[in-house]
Amino acid sequence: MTLYVVDVTIPADTRQTSPKEETVKIEEEVIVSIECHFPPGCRGMVYTACYYGEEQLFPRPYGSYLHGDGETIKWSEYYELPESPCILAIRGWSPGTSYDHTITWRINALPKKYAFWWMVLDRFISFIAKIFRVRV
């Protein structure tokens with residue numbers, strides 16, 4: 001599994017119509033998990049999303065955005081990229097803010113031949129953890 005880390009430093013009062021953008025080149029074919037970290041101080045006023053060209057990939061549906069304060073939003077995914085390697089854009093904006101904020105995206109990707117089995121194993125472990133009330 002390959003971990004890609006993208007830090008997006010969003011200048012104070014960045015408008016949604018002109019977001020700050022960083023790109024990442026994903027070499028594998030399938031994204032299997034994503035984390036997006038918002039440091040304390042964002043107060044839910046810093047927004048971000050991931051795109052392939054103009055197509056919004058994460059979060060879905062189109063027009064929804066991640067935002068938070070002192071938290072990491074994470075989820076398992078099985079998203080086959082349209083090409084390999086694939087350039088993704090992480091965009092962020094922060095209207096009405098007075099300070100710059102750095103949002104960190106962590107994207108885990110696998111070759112397609114391993115991704116399906118990874119997801120099966122991940123779901124099985126989560127199921128077992130729920131049965132025994134263990135937090136994974």
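Strands S1 and S8 run antiparallel and are joined by 9 bridges; strands pair if DSSP finds at least two bridges between them. Within S8, His101 stands opposite Ile10. This is a predicted model, where local features need pLDDT of at least 70, side-chain atom pairs count only at pLDDT 80 or more, and totals for chains, interfaces and linings use all residues. Residues are numbered from 1 along each chain as its sequence is written, and side-chain values use heavy atoms, leaving out hydrogens and water.

**The sheet**
- The order S1-S8-S3-S6 describes an open sheet of 4 strands with antiparallel pairing; strands (E, at least two residues) and helices (H or I, at least four) are DSSP runs, numbered from the N terminus.
- S1 (2-10) and S6 are the edge strands, each with a single partner strand, so one side of each has no neighbour in the sheet.

**Helix H1**
- Ala115, Met119 and Ala129 of H1 are buried, meaning under 20% relative accessible area, with exposed over 50% and partly exposed in between (1.4 Å probe, protein chains only).
- The buried residues of H1 fall within an arc of 95° seen down the axis, so they line one face of the helix; the arc is taken from the directions from the helix axis to the C-beta atoms.
- Lys113 and Trp117, on the other side of H1, are exposed.
- Arg133, with a positive phi near 55°, follows H1.

**Helix against sheet**
- S3 (30-38), S6 (71-80) and S8 (101-110) are among what covers the buried residues of H1, where contact means heavy atoms within 4.5 Å.
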